[in-house]
Amino acid sequence: MATNSAIAGDTAAPEDHGSHGEEIAGHVVLLPAQVKNTLVDSTSAGSSRFMRWAIALSVLSVIGIVGLVLKFLAHSDDQTKWGYTAAVAAFLLTVGGGAPLVAVAPVLAKANWVRPLTRIASAFSLIGVVTMIVMIPLVAVLPPLVTEGARRRSIWFESPDWTPHTFIFLAMFTLLLAGLGLFYTTALPDFAAMRDHSSGWRQRMGKMLARGWVGSTVQWRTLRMRIGMFGTFYFLILIYVHFLFTSDFAMGVVPGWRDAIFPMYHAMSSIQAGVAITILAAWAGRRYLGLQDYLRLDQFWSLGRLLFASSLLWIYFFFSAFIVFWYGRSLADIAWVDLFIRGPMIWAFIPGMLMSFVVPWWWLIWNRIRTSVDGPAIGAVIVLFGLLLDRMRIYVSSWSVPPEEIHDRYLKHIPETVWPDAFDYMIIVGTTAAAALVVALAFRLVPIVSIWQTQEYQLLSKPVRYIRGHGVLVAKPD
Amino acid sequence: MQQRRVIDQVETNRVLLNGQLDTPKWWLPTVIGLGIVVIIGFVIIGFMVNRGLGVTGLSRPVYWGLFITTFVFWVGISHAGIMISAILRLTQAEWRRPVTRAAELLTVFSLLTALIFPLIHAGRPWRIAYWILPYDFARGIFPNIRSPLIMDPVAISTYLTGSTLFLYVALLPDLGNLRDRTQGWQKAMYTVLALGWRGNPRQWKLQTVGGILLSALMLPIFVSVHSIVSWDFAVTPAVEGWHSTIFAPYFVIGAVHSGVSAVVTMMALMRWLWKWDDFIRPEHFDALARLLIVVATAWLGFTFLELIFAMYSLDAPEIALRELQIFSWPWNMMFVVFLMTGYVIPVGMWLFKSVRNNIALMFWTSLFVNIGMWLERFMIIVPGLSRRTPFVYTWDSYRPSLVEWSILVWSVAWVTFLMLLFSRFFPLVPLFEQKESQIFVDRIKIGRASVPAILREQE
Amino acid sequence: MAVDVDKCTGCQACVLACQVENNIPLNTQDRFERNRSIAWIRVERYWEGEFPDIKARFIPIMCQHCENAPCEPVCPVFATYHNAEGMNIQVYNRCVGTRYCANGCPYIVRFFNYWEPVWPESLRNHLNPDVTIRSRGIMEKCSFCVHRIRRGVRKADSEGRPLNDGEITTACQDSCSTDALVFGDLNDPNSKVSEMKKSDRYYTLLHHLGTNPNVFYLAKIDEDREVAHASHESEGGDGHE
């Protein structure tokens, strides 16, 4: 098992930064009190810099909201102008919805490296609030099921006209609730820690949110059960939301586009983006909050591998659809290729493809890159930009199809390229800033690294000598 | 984990090499019996090649039938090996260890079997090799690489080569072991095969690196094989039930479902036949069943996505096809059987820990899965072709002939035969993995409790 | 090739002529029962309207010689390909009988030889020497009487003149008593088929599949007969452009 573990490269680094922990052969041993103190303190670290950032992000968020309102006043009757807004909503859903899966899936597989990352990952479900706001005008603009006297293709078949609008909204809301539930449940013991070890408003919030958590055996058992339930529920509802979102907001508005893999492609890129945003947040936490002992190379290495694997999966799901359309060559198939690949959005397709797959693939294939902190972070930034371009390619093309052609058996005229207007720029920048703000605020309330999960790992693991190298003995309680 | 017994290396050798050094009494009669079935099967294949495909139940427009179904089925089974060995190896799942060899073996033999089906199903099988392999440049015609039927042999033969290498690399330490414990011609054979394996650190390192490299390289091939098989169907715009973008991942996940189930079936047989109760333990079945619950549910999700987006088109032919596939006799009966055996019964039962730890129940449920998965392929392929198409006066269903059924039976016998033959000469449970796992397992004290723990390496 | 559906009487003479011309094996009862009969051209019947206001329509179907043929890219051995004249050619020698092309064909006009073809002794001498007899295990389909085309071209070449329109006829066309079938060169703007293509009755089968057939159909759509139009639509796709 000559695994190229990441720890070797990191051994020197914590010493330089004044590590609190005792380190034995790459395995940092931290006392429970150290963990608690460092992490509780991290919520108030760098306050002045945080304030500056928070103000800047708030201003941008307001600009975004203003842009959204203005655009709605100007173009509420013209669906073809809303492609970029739909793309942003899809982007936020993809990023915010996918990240918690990074917290859920490895936990189910009992992976230990993910423990310091669960908080980061689940916190991104809070972005759902922003997505919901963007959804309001979109749902209002979305064409009804019966347009021009005829029913368009949709997964709702014969249901009443208001169904897609209502159900997508309800589904997004359920997703938000499930994400909040997951975030809150996993953070419950940490709220108790905040209650016991911080001061001021944080302590008051902690007291309110901890809901009498004292860490009894019953409470722990209930907590584990709840985490499992919320995790599973979140996963299922996420798939469902992607299914509704893709079919109502993309497939349903393009005539003749029938693509069974598309919801899964969307969900797949959601996992990719979730990994990417987790890497980015971990990078920021390590850099600005001084958590080198907690967010270590091991985490970046594992996330880097996941990002690499999900990039491969991205191209696989893309190609599965592409080859069927490209090879099929029926008029509906040709229209798909014309609309989404070589059509109006080719300027987004090519860089999107490069940044979603080609560049991250060639970047992350090197173990040396994966066993660093900055390497996966750079890959993550590239992937996120690629994802934004990919979402623009899909949603701008879809929404630019004029409503009067929605009933055709296939798309007969490929629409012109739609370029973003000033409102679109405001919305793109503003909503992204708002999403960042929401997550950053969360980490002021509760530590960015889960206290109890870190402590638990410290209990379960023990460094040992193994032949001529070093190993860690990890307990596997049932 | 509680029932785990500490087994020393001498006992491990003795028990796990019983197939080779101390062949069980049932082995020879079983192999002879299967051999007769296999020979009869070959005679039937010869008869079919000699007389032509008229002896099958195929017609127009049902040009593909049971053979292609069985081809897809065996390719699907072959996905077990890499799933178990490579993916679980890369994710360091401990419970994979006793299963790896059997899974890889299943991969190799089911691929060998799968390859035969497109061959005998062609109108002029004697020409296939000549026309499809691109060696005859004098003709000036390269095979049509746009055809999925060319991509298929390329992918499958790559997969076969890779799996064989993978199997062989993992077999090397055990071959060295056998060489040191045999006499005469057997010793000579193992000496050649072991490639001078002595078990020194350098060899171990190379063997490990080789295994990990092959695992990583095989993963894309693993995915591509069944994807390409699915594109055999998905690229035809004229067949409504086939032209679906979801086919590639849908087939792959279905293949994993049926392949891992086949491994479970095989493990139960191995436990019974060779009495390896100490090595193949209920906990392994438990872990596999949990994996299967996830895989099966994902597969079911894909099945419904496929159906929903077929309905989504609202095209009359598409709807008619689904009516045929789901609601009309005899397909409705098959659909129910497929759903029950492929998902509802097995997964419903696996939800209970007592079932997951019960070898007999696991054996039967995993067998059910493969019945269901075979039916799934049959239900994709045949109704897709026998649907009511415009401009045709021949609408016909398809009834496989006796020849086709007997060749299906032959294929099962053939794989089992090869497996048993292999088991006579090579251990089915990797000894070195078994010993390694014994070293890696330890206990750790947390407070007053002593918890089982696993050693992870760090450099 | 142009097919005037309005002229077709459904007499099946073309089917028989094709059978004789192209050495198509006899469709015995057994072959019919097993749905393995071979007919390069066939006549389908549709009912138009409701009784008593009802009319039978006949539509001859043969290989459509698609420009964008679904059968071509899937053949692993290039046994079917597109030639420079725009015809879809079946090369019997290359065919290994995967039957993939037949699955890809939306018109179901490709046929597989399940058995070695046999004729009664009395018919052995009636076979057309210009046409290969297909052995078992390979695909066959309408060739547009390619042997007649080759013979016509050779004749024109030897006489040193261009090929005249209407000089080459297919067997089905020869036998058609109402001239419903017309064969010709679509590249020649003055040919009869090119003239027919300009008709407002023009349509192609299964247009939405984008196969772009070289066989086109002419049918008059009676505006009053909504039913007829609808049934045609569902059978033939949105044929009328």
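This is a predicted model: local features need pLDDT of at least 70, side-chain atom pairs count only at pLDDT 80 or more; totals for chains, interfaces and linings use all residues.
Q: Which residues have the most contacts inside the largest nonpolar core?
A: A nonpolar core is built from buried residues whose C-beta atoms lie within 7 Å of one another. In this model the largest such core has 324 residues, and A:I279, B:V260 and B:V263 have the most contacts inside it. Helix 11 of chain B, residues 247-274, gives the most to this core, with 17 residues.

Q: What does B:V263 touch, leaving out residues up to four places away in sequence?
A: Its partners are B:A80, B:I84, B:V99, B:A102, B:A103 and B:L106.

Q: How many residues does each chain bring to the contact of chain B with chain C?
A: The size of an interface is often given as the accessible area lost when the parts come together. Here there is a count of residues: 37 from chain B and 39 from chain C. On the chain B side, helix 7 (125-132) and helix 8 (148-179) each supply at least two residues. Helix 7 of chain B has the largest share of that side, four residues. By kind, the chain B side divides into 23 nonpolar, nine polar and five charged residues.

Q: Why does the radius of gyration of chain C agree with a compact globule?
A: The radius is compared with the value for a globule with that number of residues. For 241 residues that value is near 18 Å, and chain C agrees because its radius of gyration is 18 Å. Its C-alpha atoms fill a box of roughly 50 × 50 × 40 Å along the principal axes.

Q: What secondary structure does chain C have, and what share of its residues is buried?
A: Chain C has eight helices and ten strands. Buried residues make up 41% of its 241 residues.

Note on methods:
Residues are numbered from 1 along each chain as its sequence is written. Chains are lettered from A and ligands numbered from 1 in the order in which they are written. A residue is buried if 20 or more other C-beta atoms lie within 10 Å of its own, exposed if 12 or fewer, and partly exposed in between; C-beta atoms are placed from the backbone. Two residues are in contact if their C-beta atoms, placed from the backbone, lie within 7 Å. Ala, Val, Leu, Ile, Met, Phe, Trp, Tyr, Cys and Pro count as nonpolar, Asp, Glu, Lys and Arg as charged, and the others, Gly among them, as polar. The radius of gyration is taken over C-alpha atoms; the globule rule is 2.2 Å times the number of residues to the power 0.38.
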